[in-house]
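Dear colleague,

Please find below the structure that I am handing over to you. A short account of the findings comes after it.

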Amino acid sequence: MRKLFNLASISLFLVSMAGCSEYSVLSFKNNTTNAQNVTFADPMLQECWDDAVADAEDNVLPSPLGFWTISQITILACDDRGIVSADDISNASGVVSLDLSNNSLGSLDLGYMPFLEELDVLAGDLMSLELDDNVNISGATNIHALNLSYNGGITEIDLAPHSKLRRIDLSYTKISDAIITGKQD
């Protein structure tokens, strides 16, 4: 009976590991370094990151490595922090959910954020959402929820590279005729 249980446990472990294969080819920017060593140019964004690391240290079981890595900080809630630049946000490349609402960004560069699934930049003062202009969301290839509402300066958006996108909020932008191709869902 014990051998049967051990075999079942091993099988269950291998099946659960098989589900991680899509992330095995991806890597984190800075090679999953110590999260306390990650820096941002904007002091308010830095404070938000530091708060997220401290929150993880206080509320989650200790890290098996002895320090928190970029991959372990998966939620970054930086809403209403007075952030003016998030162009180096990809230093937090392990984040799955990012909230930059109610800041005065002006521009946004997600760079390399392969795990990002949810982005909320409600009322972020984004001026124009042209991928070759001042906002780059092409590095967030896994994104499925995007909220850019109340960014009155946004005039156009190209969502073609985002095949996993399922939920979009562009209300109160200057997009008058949203044409989204290749998004049957």
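This is a predicted model: local features need pLDDT of at least 70, side-chain atom pairs count only at pLDDT 80 or more; totals for chains, interfaces and linings use all residues.

Residues are numbered from 1 along each chain as its sequence is written, and side-chain values use heavy atoms, with hydrogens and water left out.

Five strands form an open sheet with parallel pairing, in the order S1-S2-S4-S6-S7. Strands S1 (75-77) and S7 (167-169) are its edges, each pairing on one side only. Helices (H or I, at least four residues) and strands (E, at least two) are DSSP runs, numbered from the N terminus, and two strands pair if DSSP finds at least two bridges between them. Strand S4 (residues 118-120) and strand S6 (residues 145-147) run parallel and are joined by 3 bridges. Within this pair, Leu119 stands opposite Leu146 in S6.

The whole structure holds 1 disulfide, defined as a pair of cysteine sulfur atoms within 2.5 Å. It joins Cys48 to Cys78, with an S to S distance of 2.0 Å. The link is left-handed, with -95° about the S-S bond. Cys48 lies in helix H3 and Cys78 in the loop between S1 and strand S2 (97-99), 30 residues apart. Cys48 is buried, at 2% relative accessible area, and Cys78 is buried at 0%; buried means under 20%, exposed over 50%, and partly exposed in between (1.4 Å probe, protein chains only).

Asp55, also in helix H3 (residues 43-59), is partly exposed at 44%.

Yours sincerely
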